[in-house]
Amino acid sequence: MTRAARLLAILLVAAVVFPWIAGPYALSVATLILYFAYTSQAWNVMMGFAGQLSLGHALYVGIGAYAAGALYYHLGIGPWAGLPLAIAVAALAGVIIGWLAFRFGVAGVYFALLTIAFAEFTRIGFDHMAWTGGPGGMFLPVAERDHIDLLHFRGPPALYYYAMLALTAGALALCARLLDSRAGYYWRAIRDNEDAAQALGVHVFRWKLLAVAISAGMTAISGVFFAFYYNNLFPEQIFSTGRSIEIILGSVIGGVGTLFGPILGAAALTLLSEAVTAALAALGWEVPGAKQVVYGVVLLGVVVFLPHGIWPPLAHRLGIRR
Amino acid sequence: MSFDLVVNVVLAGILTGLVYGLMALGLSVIFGVVRVVNFAHGELMTVAMYAATLLFARFELDPFLAVLPVSIAFFALGYALQAGLINPFITRPEHSQFMLLVAVGLIVINALLMAFGPDARSVQVDYQLESFELGDILVDKARLYAAGLAVLTALALFGFFRVTRTGKAIRACADNHFAAQVVGLNVKRLYALTFGLGAACVAVAGCALTLLVDVTPSLGPQYTLLAFVIVIVGGLGSMLGALVGGVLIGVSEALAGLLISPSAKSMLSFGLLIVVLIVRPQGLFGRKP
């Protein structure tokens, strides 16, 4: 067993036993960490592996959430049927956007802005769609919380925690496999030098499209989770550019293109955010905006002083290669 | 719906669009030269709007007079921001630059929220409710003045880039960063100057806009997106494109507000952005990237 595998195993065991020792607040924070870790990992496939900067990933969260949510709300069909639908619709959306962008040579900053435009366009579209509740939101019927109903993904908070833990662990394993697969090598070649990759015969268009489809499909799963965890969906919240930034933050802080970076980054940021809230409350200084200012300053500090994120230097210190 | 109403709405759209255009011009100039997308652009403009409302509340200074001190302060602010924070990021990957400016925007907007709260602020001057009448067509005085100021500022900037040595040097940097360094231009200083000029544009646009809209901290991210839409439609890095893009967006938003529904107006803008990005990614007036 390598050092990395040992550390990972310890972490996983700790995460599995966590709900037995944690209170409800700690459990909700941990669920949030895993949610951001997973979603950021999904974004990382597109940006960190294949080098395609998406600033509109909230689009896929929203599509996933609304696809599964609407199915449940209108037809009473549970999330297990909603899940594949959500993945399919989001992956299709990703492929359409990617097809348009890559076919017409929209790259770099322009591609990033295109992803924002699609997310904003969809947000306003959902604002005007009465079938999903419009700006007033869609509220899923909330069932009882004390017994576990796996079929409808209803149960106590620990159920959601374990679901998110399984997703995060699964995504980590999937990404590790992907990175060492043929696709992973092609992606990294495209990321580092697209022209050179093309000259070597890599079908750049196809592999980029695959990265977008996988990333979008993975992101849609967090949307389904979001819908059934929070039970309410507002276009203003779920599709907003602020949400897209939140998704990216974990990877950027942890380390873009690394496997463990998104998880570490999500944990660091979520804990920081909670700590700042608690500290400001303890100081009796609960001015709106104060928390975000502190958050912004820390973010600025990390971006300026740790250009590759916190995981690469930490991994080096721990003696782990990647 | 009468014809006069449509004409009035279109005219108001053109005039507001020119002010939007000046804001976008700042973004375009910064991107065209420094090649960094300023994701804190709307946030900076919101600061300028607050500065104008504060100067009005304290000293009853007309926003059109506040333009001078605010734009000078913003030039200095922009210069410092580029020299101190962004210059080291020029060689970093795009997502890194993006996060840097997002962090700046986050700090700025929430500092405003802490200082002034979420409530809208505005200025009241006596000519705000007056208008020029041309038959059945009404033109708001404040809107006309604001548009005039925007055009004058844009012309001044255009002249600066055409005529002065510094302006030419900045254009040289934009054309070929490496060659500019070879001939001995201080590229980093010129970048800082450019960001200062872009920020000054934003300051002028912000002061003018306080006469047309109420200011809240939440305007920041909205105006950042609006500036992007305008600049992409017009062509990133093209000065004329920014103004024309501003007018185009101003008119289309005004018409969409009238014909469809006010809340759908920005959907039209984003739709336009998507079409332009795909069909003509360099924008209407941009050179091929």
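User: Is R35(B) buried, partly exposed or exposed?
Analyst: This is a predicted model. R35(B) has 17 C-beta neighbours inside 10 Å. A buried residue needs 20 or more, and an exposed one has 12 or fewer. R35(B) therefore counts as partly exposed.

User: Where does R35(B) lie, and what is its phi?
Analyst: R35(B) sits in the loop between helix 1 and helix 2 (41–59) of chain B. Its place is just after helix 1 of chain B.

User: How far does helix 1 of chain B reach from its first C-alpha to its last?
Analyst: Helix 1 covers residues 3–34 of chain B, 32 residues in total. At 1.5 Å a residue, 46 Å is expected. The computed reach is close to that, at 45 Å.

User: How many residues of helix 1 of chain B are buried?
Analyst: Helix 1 of chain B is largely enclosed by the rest of the structure.

User: What span should helix 2 of chain B have, and what separates its end C-alpha atoms?
Analyst: Helix 2 of chain B has 19 residues. At 1.5 Å a residue, it should span 27 Å. The distance between its end C-alpha atoms agrees, at 27 Å.

User: How many residues of helix 2 of chain B are buried?
Analyst: Helix 2 of chain B is mostly covered. Of its 19 residues, the buried ones number 15.

User: How many helices and strands does chain B have, and in what order do the elements run?
Analyst: Chain B holds 11 helices and two strands. From the N terminus on, the order is α-α-α-α-β-β-α-α-α-α-α-α-α.

User: In what sense do strand 1 and strand 2 of chain B pair?
Analyst: Strand 1 spans residues 131–134 of chain B, and strand 2 spans residues 137–140. F132(B) has V139(B) in strand 2 as its bridge partner. Two residues lie between the strands of this hairpin, where G135(B) takes a positive phi near 65°. The pairing runs over four bridges and is antiparallel.

User: What radius of gyration does chain B have?
Analyst: The C-alpha atoms of chain B fill a box of roughly 60 × 45 × 35 Å along the principal axes. A compact globule of 289 residues would have a radius of gyration near 19 Å. Chain B agrees, with 19 Å.

User: What share of the contacts in chain B with a separation of 6 or more joins residues 24 or more positions apart?
Analyst: Buried residues make up 55% of the 289 residues in chain B. Among its contacts with a separation of 6 or more, the share from residues 24 or more positions apart is 79%.

User: Which residues does V19(B) touch beyond four places in sequence?
Analyst: Residues up to four places away are left out. The partners are then A146(B), A147(B), A150(B), A205(B), A208(B) and L209(B).

User: Which helix supplies the largest share of the side of chain B that touches chain A?
Analyst: The contact takes 33 residues from chain B and 38 from chain A. Helix 4 (94–116), helix 9 (219–234) and helix 11 (265–279) of chain B each supply at least two residues of the chain B side. By class, that side has 25 nonpolar, six polar and two charged residues. The largest share, 15 residues, comes from helix 4 of chain B.

User: Is G48(A) buried or exposed?
Analyst: G48(A) lies in helix 2 (residues 24–49) of chain A. Not counting residues up to four places away, G48(A) touches S251(A), V256(A) and G257(A). The residue has 29 C-beta neighbours inside 10 Å, so G48(A) counts as buried.

How values were computed. Residues numbered from 1 in each chain as written. Chains lettered and ligands numbered in written order. Predicted model: local features only at pLDDT ≥ 70, side-chain atom pairs only at ≥ 80, totals over all residues. Contact = placed C-beta atoms within 7 Å. Expected span 1.5 Å × (residues − 1). Nonpolar A, V, L, I, M, F, W, Y, C, P; charged D, E, K, R; others polar. Rg over C-alpha atoms; globule rule 2.2 N^0.38 Å. Pairing = 2+ DSSP bridges.
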